[in-house]
Amino acid sequence: MAPPISADVPAAPVRESVPASIITVVSKQTVRPEGASPIGDLKLSFSDMLMLSCSYIQKGLFFQPTGTPMPGILSSLVSSLSRALGVFLPLAGRLVTLPDGRIVIRCDDDDAAVEFYHAVAPTLSLGDFLVPDADVPTMLTKDLFPMACAVSYEGHHRPLASFQATVLGDGAIFVAVVVNHAVVDGTSFWHFFNTWAGLCRGEPVQPPDFGRTFFGGSTAVLQFSGRDGPAGTLDAAPPLRERVVHFSAAAIRDLKAAANGCGKTNEDSMVNGEISSFQSICAHIWLAVTRARPQLAADATTTFRMAVNCRHRLRPTISPVYFGNAIQIVATTATVAELVANDLRWAAARLHATVAAHDDSAIRQVAADWDAAPWCFPRGNSDGAALIMVSSPRFPMYDGTDFGWGRAVAARSGCDSKIDGMLSALPGQAGDGSVDVEVCLAPDTMARLLGDNEFLQYVSHAP
């Protein structure tokens with residue numbers, strides 16, 4: 001196991017306020033698809049429509065200084081983006097509500113385009129963003145992403161995707177991609193990101209699958225009470241702290257071994273198959289954050305939600321490069337008293353059982369239930385007892401995203417979807433099986449979590 005971070009080490013200070021002009025947009029371009037073949041309107045599936053109330057996906061990568069003149073870098077980014085949009089044409093489209101109430105992506109409109117921004121931050125360096133043992137400086141990172149506070153339904157009148165390259169004073173670059181969540185899930189998002197970077201390097205393209213088979217079969221129509229569609233899922237956010245917590249490959253092996261346990265008990269009969277490394281990490285966090293929320297009553301229900309990729313779970317399976325949302329959220333619950341009275345193996349077994357049960361029939365039942373009563377995702381943490389894990393350490397955030405300047409040094413998310421209890425899983429930058437988790441919590445909860453040696457024994461410094 002990697003050496004733990006001591007609970008006695010004080011956190012590095014967080015920059016509370018940053019001048020609005022510290023990151024400045026210096027140019028904006030409209031980028032149109034190149035070489036696209038018409039594909040017609042692309043219908044939103046029920047899994048897409050669930051996301052209409054959600055914020056756009058905001059992800060980006062930091063790169064070390066390249067030594068290449070910036071005009072050449074920007075030209076390469078824009079030209080390869082145009083070609084990538086020709087492959088992923090829906091990203092340049094708009095949402096349109098048809099007379100019968102169905103919502104489609106209009107892909108072949110003459111105005112199909114995205115926005116590309118060039119920004120500079122001459123007084124900042126990579127070290128201002130990647131500070132060891134410190135909170136993420138969200139007052140800085142928020143300005144690395146365009147289209148702040150966009151809700152997916154707004155894709156009716158706003159671009160479905162937007163891009164920003166920010167050059168720091170030391171020459172480091174942050175490449176941000178913001179995409180409507182009713183158009184893509186994480187798998188499709190990173191497929192596009194990899195395609196864009198690959199085209200920059202001259203690599204061949206693996207086109208997405210736009211077919212609407214199972215996920216396009218619904219005929220239900222969402223009805224909104226207002227002209228502007230669903231209300232956004234996030235109101236004015238309360239104060240939050242965000243940390244990137246690193247689990248080394250060795251620590252993950254130890255967690256998985258503990259979760260699967262050598263000394264089996266009768267309770268292990270509920271485990272069908274091996275508990276995964278990721279489920280072990282999730283269980284560890286679920287236990288620790290629940291301990292760090294002492295305001296919760298013993299009989300309160302705590303919920304751990306996870307996004308599950310359905311592509312390989314359906315029978316027959318759908319293409320791994322299916323374009324759109326092919327995810328569903330599964331929930332595991334326990335009372336606070338149950339959870340804290342039991343160990344990692346118990347919590348991990350419950351998570352494992354939930355995920356294992358989400359098979360073809362369960363996916364189809366969710367679809368049927370939605371057809372009978374359509375809805376959009378509510379989001380938030382109204383009772384202060386929930387956690388939700390999004391993204392995946394399996395996403396190719398570092399493998400395949402080299403634009404020709406070398407491997408990215410860190411991935412970061414935007415601020416728009418952050419709530420108390422939001423977790424986002426990332427692969428470790430080294431590609432060695434380690435995992436990073438972006439953790440967003442109320443300030444008091446985060447302070448208690450970072451003082452919990454039982455939690456920290458598996459947490460280490462990123463290499």
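**Group meeting: a walk through the predicted model**

Residues are numbered from 1 along each chain as its sequence is written, and side-chain values use heavy atoms, with hydrogens and water left out.

Okay, back to the strands. β6 (residues 114-121) and β7 (residues 161-168) pair in the parallel sense over 7 bridges; two strands count as paired if DSSP finds at least two bridges between them. On β6 there is also β1 (residues 24-31), antiparallel to β6 and joined to it by 7 bridges. If you want a pair to click on there, Val25 has Ala119 of β6 as its bridge partner. How many of the 8 residues of β6 are buried? The count is 7, so β6 is largely enclosed by the rest of the structure. Buried here means under 20% relative accessible area, exposed means over 50%, and partly exposed is in between, with a 1.4 Å probe and protein chains only.

Zooming out for a second. The protein chain has 12 helices and 15 strands; these are DSSP runs, H or I over at least four residues for helices and E over at least two for strands, numbered from the N terminus. Of its 463 residues, 53% are buried. Take the contacts between residues at least 6 apart in sequence: 83% of them join residues at least 24 apart. Contact means heavy atoms within 4.5 Å.

Now some helices. α6 covers residues 249-260, and its end C-alpha atoms are 16 Å apart, which agrees with the 16 Å that 12 residues should span at 1.5 Å a residue. That expected span is 1.5 Å times one less than the number of residues. Buried in α6 are Ala249, Ala251, Ile252, Leu255, Ala259 and Asn260. Looking down the axis of α6, the buried residues fall within an arc of 165 degrees, so they line one face of the helix; the arc is that of the directions from the helix axis to the C-beta atoms. What do the buried residues of α6 pack against? They pack against β9 (241-247), α7 (277-291), α9 (344-357) and β15 (435-441).

From α7, have a look at Gln279. Gln279 counts as buried, at 8% relative accessibility. Its C-alpha is 8.7 Å from that of Ala259, 20 residues away along the chain. Leaving out residues up to four places away in sequence, Gln279 touches Glu274, Ala348, Leu351, His352 and Val355.

Two polar side chains next. Ser80 sits in α2 (residues 70-87) and is buried, at a relative accessible area of 0%. A polar atom of the Ser80 side chain is 2.7 Å from the backbone oxygen of Ser76. Then His181, in the loop between β8 (173-179) and α5 (186-201), is also buried, at 16%. The His181 side chain reaches the backbone oxygen of Val184 at 3.0 Å.

Most residues other than glycine have a negative phi, and most peptide bonds are trans. Asp133 is not a glycine, yet its phi is positive, about 55 degrees. Cys149 is another non-glycine with a positive phi, about 65 degrees.

Key. This is a predicted model: local features need pLDDT of at least 70, side-chain atom pairs count only at pLDDT 80 or more; totals for chains, interfaces and linings use all residues. A polar contact is a pair of N or O atoms within 3.5 Å; within protein, one must be able to donate a hydrogen and the other to accept it, and residues adjacent in sequence count only if both atoms are side-chain atoms.
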